[in-house]
Amino acid sequence: MSETYIPMVLMIAIAFGLGSALVLLSVVLGPKYPSDVKDYPFECGHLIDSDGARKKHSIKFYMIAIIFLLFDLEIVFMYPWATVFREIGITALFEMFFFLGILVVGYIYVWKKGVLEWE
Amino acid sequence: MFDWLTFITLFPIIGVIILFFIPKNNGTVIKNIALVVSVINFLFSLVLLVGFRANASMQFEINKVWIKNLGINYHIGIDGISIFIVLLTTFLTPIVILSAYNVLKDPTYKDKAKEYMALLLILETAVIGALISLDLILFYLFWEMMLIPMYFLIGVFGGEKRTYAALKFFIYTAAGSIMMLVAMFVLYMNAGGVSFDLAYIISHVHLTATEQGLLFLAFFIAFAVKVPMFPLHTWLPDAHVQAPTGGSVILAGVLLKMGTYGFIRFAIPLFPKVAVSYAGVIGIFAVIGIIYGALVAMVQKDVKKLVAYSSISHLGFVVLGIFAFTNTSMTGAIYQMLNHGISTGALFLLVGIIYERRHTKEIKEFGGLTKVMPLYAVIFLIATLSSIALPLTNGFVGEFLILSGTYISRVMQWSSVLTIFAATGVIFGAAYMLWMFKRVMFGPLTNEKNKNLKDLNLREFTYLFPLIVMIFVMGIFPNFFLKRIEPSVNSFIENNINTRVYAKNSRVTLKLTKNQKRSKR
Amino acid sequence: MMPIEPGILEQLGMIIPLLLLVVFASSILLIDVFAESEDRAYLGYLTAFFLFVVLIFVAKDFNNNNVSRQIFHSSIVIDKFGLIFTGIFIIAGILTSLGSIDYLKKYDIAIGEFYSLIMFAITGMSLMVFSTSLMTIFVALELMSLPIYALSGLFRVNNRSLESSVKYFILGSVASSILLFGMVLLYGATGSVNLVTIGNEITTKYTNLKTVLSSDPIIIIGMLMVFIGFMFKTATAPFHMWTPDVYEGAPTIVTGFMSVAVKAAAFATFLRVFGLSFNNDALLHLANGAISNTSWIQVLNILAIATVIIGNLVALNQRNVKRILAYSAIAHAGYLMIGLVGYFITKDPITYSALVLYFLSYTFTGMGAFIAISIFEPKDTNKVMLDDLNGAAYKKPFVAATLAIFIFSFAGIPPMSGFFAKFYLFKSAYVNAGLHIPVIIALIASVFSVYYYLRILVHLYMKKDYGDVDVKDYKTTAGSVIALSIAGFFVLYIGILPDQYITIIKHSFLSLIGG
């Protein structure tokens with residue numbers, strides 16, 4: 001029973017070991033040229049100014065991000081579908097069209113609601 | 001044959017539907033329609049009397065499957081026990097509607113005539129329905145249905161503390177009947193889980209003595225709250241005092257009878273042995289109710305409250321008569337139910353008339369009314385005398401039968417002693433009623449406000465007159481009623497008490513059933 | 001053993017109601033975004049019409065459906081049991097969409113998404129009661145819950161509504177994850193997500209509880225977690241805490257939908273999962289086991305009693321009408337739980353039909369009551385106190401009269417449908433299942449309930465001061481009137497002639513067994 005877990009333990013050990021070894025090596029071996037700009041907190045292309053973390057961002061960021069996530073995830077369903085497409089045949093095509101049809105409805109809704117307009 | 005019973009039960013509902021389509025500011029039309037509907041229904045109900053044959057059988061009986069899946073039948077019928085209470089209901093409803101013509105002129109209620117009339121008509125349907133039901137659940141359905149219109153009559157049209165009184169009335173009665181519902185489940189299960197039909201359950205039920213006792217208690221409490229028997233009576237004075245005149249009349253005249261009727265129709269036939277063995281205890285409570293009601297009535301300052309407490313006393317007689325289990329006393333009890341409906345109904349109407357004129361019911365506010373309202377005083381006197389059971393009035397016949405029947409009861413323990421105590425209740429009754437009459441009607445006309453009181457007008461006289469006629473008719477020609485009531489009562493006593501409790505073969509069947517149960521195990 | 005599945009077109013033909021729901025919901029969404037006018041009232045009527053069309057299809061399926069077959073790789077089954085509940089959800093949806101028109105107008109919320117979300121939620125509920133696979137159940141549950149989370153936060157600027165939405169979302173997610181964990185454990189223990197297979201697996205493997213406990217305690221744990229998940233959705237004590245806050249904060253009309261349809265869906269799925277998977281004798285009677293000397297039927301029993309008592313007692317002292325109705329909804333969940341336990345014990349058509357009849361009656365009563373309350377709600381507070389109702393009956397006699405009918409139906413007073421529903425439920429639990437103590441306690445508790453129900457009527461009819469409400473707020477258009485008339489009519493109709501409904505429901509039981 002327990003020997004079946006040996007590969008897993010090995011896997012974890014190697015992953016952990018390799019990761020920490022690489023980090024340690026770069027700390028020990030790598031050259032260091034510190035500067036003010038490099039030490040400045042870094043956040044997605046923004047410089048942190050006096051507002052600090054409370055600075056307001058446009059709601060559009062969230063909208064776009066959520067919609068991207070949604071559509072991106074839905075596309076993931078197409079991969080397993082593609083692998084069994086031959087076995088199921090033409091039925092699968094209609095099913096996928098139905099699925100995409102629902103997505104298109106969502107897309108039209110989002111579009112008409114003006115989520116995609118930046119200004 | 002045409003189904004007269006269903007027709008009479010549902011006819012008021014047709015009236016309600018007609019009322020629904022009439023605009024609410026059209027007060028006169030609404031009142032007249034309600035009156036016409038109720039009078040027509042009364043005339044139709046006379047068909048029952050004409051077609052009724054004076055024997056013990058169920059008549060106008062209809063038995064149809066209603067809810068097959070639940071074992072509930074639409075089983076209705078009337079016999080000598082219920083026919084006159086049905087007639088009393090159809091008789092009182094038009095009177096109450098006519099009496100309400102003036103109350104509804106009050107600005108507060110001006111726009112509510114439709115509601116008032118509709119509630120009265122729904123109440124009529126529910127009461128008749130409960131009186132003719134011969135299926136436990138059908139009865140329960142109408143029994144609970146009575147609460148809704150009465151709740152609104154008290155709560156919307158009542159006096160100052162109407163909300164409290166309405167809620168108290170509703171909760172008391174609902175709490176009582178819930179236990180009855182559980183008891184019905186047990187009976188249904190015990191009788192094989194086939195039918196809720198009363199006759200079926202009576203013939204198929206096999207219960208141990210303890211079970212019978214508990215189930216009887218459940219039924220008894222539900223009905224005793226409604227009667228109301230001491231000590232479950234506390235809702236009654238509140239409800240009566242707060243209710244509008246019409247509500248009081250229906251409450252006293254008909255609703256209270258449902259409790260005593262329930263004893264006769266359901267509680268006793270279902271559990272005759274328990275009913276007989278506890279007859280003495282119940283008799284004691286009934287006598288306590290008679291004397292307590294009378295004594296409390298004596299000290300009341302409010303006329304309406306006095307009449308309300310007198311109801312407790314009168315209904316005590318009825319309960320005593322029922323549980324004495326003699327033919328005479330039970331006939332008297334049923335007769336007394338009708339008397340009480342008529343005489344107390346008349347008294348509440350009369351109190352309502354002076355309340356309308358003076359907006360007070362305090363006894364000390366009045367005095368010497370004979371001088372300004374002679375006709376009113378005469379009618380009041382007749383109703384009072386009927387209430388205290390003077391010979392030639394209806395009350396005498398009822399109370400005489402009850403007391404003489406109870407005295408010879410072989411079922412009720414110490415029945416002779418109880419009769420003597422109950423008879424003192426008659427004397428107390430005469431005392432408080434006549435004392436009240438004296439204080440209100442005689443003496444000097446001291447109060448300024450009373451000097452300009454108007455005597456009865458034509459409308460008021462019209463609705464009081466039938467009651468006065470009935471007081472004398474029932475007092476002088478009781479045989480017309482008794483000969484229709486008696487066969488049913490005789491067979492009731494014979495079937496339920498003599499056969500099922502005292503006859504030897506009943507014990508044999510009991511043993512047999514026990515053996516059957518054993519062999520089943 | 002897997003039954004042979006019909007062809008794909010036939011399978012699609014069997015789920016036409018579900019497909020129609022999705023299509024209609026999407027079209028409402030599109031109509032909403034392309035519509036020119038600001039007025040959205042017609043969307044309510046359109047939704048009601050669409051749902052009515054679906055209802056006709058459901059009714060047709062119900063008449064033709066005699067054998068229930070598992071389709072789509074045994075993930076769903078179209079049977080009369082599912083169809084009857086789909087009918088109940090759709091009825092609730094029709095009443096909601098008709099009743100919401102005035103309510104949304106009162107708050108100037110002209111959004112078509114409301115109707116689309118309602119329809120998607122109904123899709124989720126229907127799918128859930130058709131599911132025979134744990135995975136489909138979970139997906140359907142989420143499809144039902146997400147629109148409801150959004151709907152309860154409909155008033156974005158109202159803090160109560162937001163609180164309700166967030167609270168419901170967080171607690172609902174926790175419950176969902178517990179449910180999912182339970183499902184995972186069941187899958188791990190039996191190797192299948194199909195309810196029938198799980199049931200067969202448990203039946204063949206285990207003869208009594210000791211063997212279950214010694215070899216696979218995971219089954220018990222998984223089963224309990226699934227139960228907790230459903231108990232949360234059905235608002236049964238001790239998982240009822242969220243109900244009053246969420247019901248109070250959510251828009252009144254959504255509260256009605258939640259208290260009726262969501263609860264019915266959760267109960268129906270509870271019944272389905274239990275009936276198919278856990279009806280093994282070993283699991284039914286933990287009495288043989290080591291945990292204690294009680295079967296978990298008794299545990300459910302105690303929880304049902306606790307729910308009834310908590311719901312009714314706490315409601316006694318509330319002054320907020322929506323909270324009163326929320327606690328009364330908890331109490332009704334308790335009554336239903338007693339019925340459900342009765343069904344678990346007897347598994348006969350009588351207890352089953354009692355339970356479903358109660359849902360049918362509760363749908364009309366509950367939706368009607370909440371629609372009427374939503375009309376009496378003072379504008380912009382999203383809160384109805386008892387004093388707000390003072391004398392309202394004389395401004396809107398029709399609405400008040402129907403509300404009185406619904407209140408009496410809640411309280412179980414004849415001739416309203418609530419009477420026979422309650423009567424049948426308690427009768428079957430008492431007579432057929434032998435649950436004497438719970439029924440007696442529930443009956444006593446329902447006497448208490450009469451008090452707080454009547455308080456609503458007292459304020460409606462018997463208070464002379466009219467409160468601060470402007471008469472303008474009590475606006476009713478055809479939608480609410482139609483909804484209230486339908487609900488009122490059926491409450492009275494089922495109350496007077498329940499027989500045919502019971503017979504229909506009993507037919508749907510036979511197909512459940514065929515599962």
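Guide: Two packed helices are described by the angle between their axes and the distance between the axes. In this predicted model, the axes of α5(B) and α7(B) come within 11 Å and cross at roughly 170°. Axes are lines fitted to C-alpha atoms, for helices over the stretch in contact, and angles run from 0 to 180 degrees between N-to-C directions. Helices (H or I, at least four residues) and strands (E, at least two) are DSSP runs, numbered from the N terminus.

Visitor: What does the angle make of α5(B) in relation to α7(B)?

Guide: It makes α5(B) roughly antiparallel to α7(B). Angles under 35 degrees count as roughly parallel, over 145 as roughly antiparallel, 65 to 115 as roughly perpendicular and the rest as oblique.

Visitor: Which residues of α5(B) and α7(B) make the contact?

Guide: From α5(B) come B:L136, B:I137, B:Y140, B:W143 and B:E144, and from α7(B) come B:S177, B:L181 and B:M184. Two residues are in contact if their C-beta atoms, placed from the backbone, lie within 7 Å. By class, this contact of α5(B) with α7(B) has 6 nonpolar, 1 polar and 1 charged residues. Here Ala, Val, Leu, Ile, Met, Phe, Trp, Tyr, Cys and Pro count as nonpolar, Asp, Glu, Lys and Arg as charged, and the others, Gly among them, as polar.

Visitor: How are the numbers and letters assigned, and which residues are considered?

Guide: Residues are numbered from 1 along each chain as its sequence is written, while chains are lettered from A and ligands numbered from 1 in the order in which they are written. As the model is predicted, local features need pLDDT of at least 70 and side-chain atom pairs count only at pLDDT 80 or more, whereas totals for chains, interfaces and linings use all residues.

Visitor: At what angle do α18(B) and α20(B) pack?

Guide: Helix α18 (residues 394-407) of chain B and helix α20 (residues 458-476) of chain B pack at about 45°, and their axes are 6 Å apart. The two helices are therefore oblique to each other. The contact involves B:N394, B:F396 and B:V397 of α18(B), together with B:I471, B:M474 and B:G475 of α20(B). These residues comprise 4 nonpolar, 2 polar and no charged.

Visitor: Which chains share the most contacts?

Guide: Of the 2 pairs of chains in contact, chains B and C share the most. That contact takes 26 residues from chain B and 22 residues from chain C. On the side of chain B that touches chain C, α5 (136-145), α6 (147-157) and α7 (162-190) each supply at least two residues. The largest share, 13 residues, comes from α7(B). By contrast, no contact joins chain A and chain B, and their closest C-alpha atoms lie 45 Å apart.

Visitor: How is a pair of strands read, for instance β1(B) and β2(B)?

Guide: Two strands pair if DSSP finds at least two bridges between them. Strand β1 (residues 59-67) of chain B is joined to β2(B) by 6 bridges, and the strands run antiparallel. B:I67 stands opposite B:I72 in β2(B), and B:V65 has B:N73 as its bridge partner there. The hairpin has 4 residues between the strands, and B:G71 takes a positive phi near 70°.

Visitor: How many residues of β2(B) are buried?

Guide: In strand β2 (residues 72-78) of chain B, 5 of the 7 residues are buried, so the strand is largely enclosed by the rest of the structure. A residue is buried if 20 or more other C-beta atoms lie within 10 Å of its own, exposed if 12 or fewer, and partly exposed in between; C-beta atoms are placed from the backbone.

Visitor: Is B:L215 buried or exposed?

Guide: B:L215 counts as buried because it has 24 C-beta neighbours inside 10 Å. B:L215 is found in helix α9 (residues 209-226) of chain B. Leaving aside its neighbours within four places in sequence, B:L215 is in contact with B:A183, B:V186, B:L187 and B:F271.
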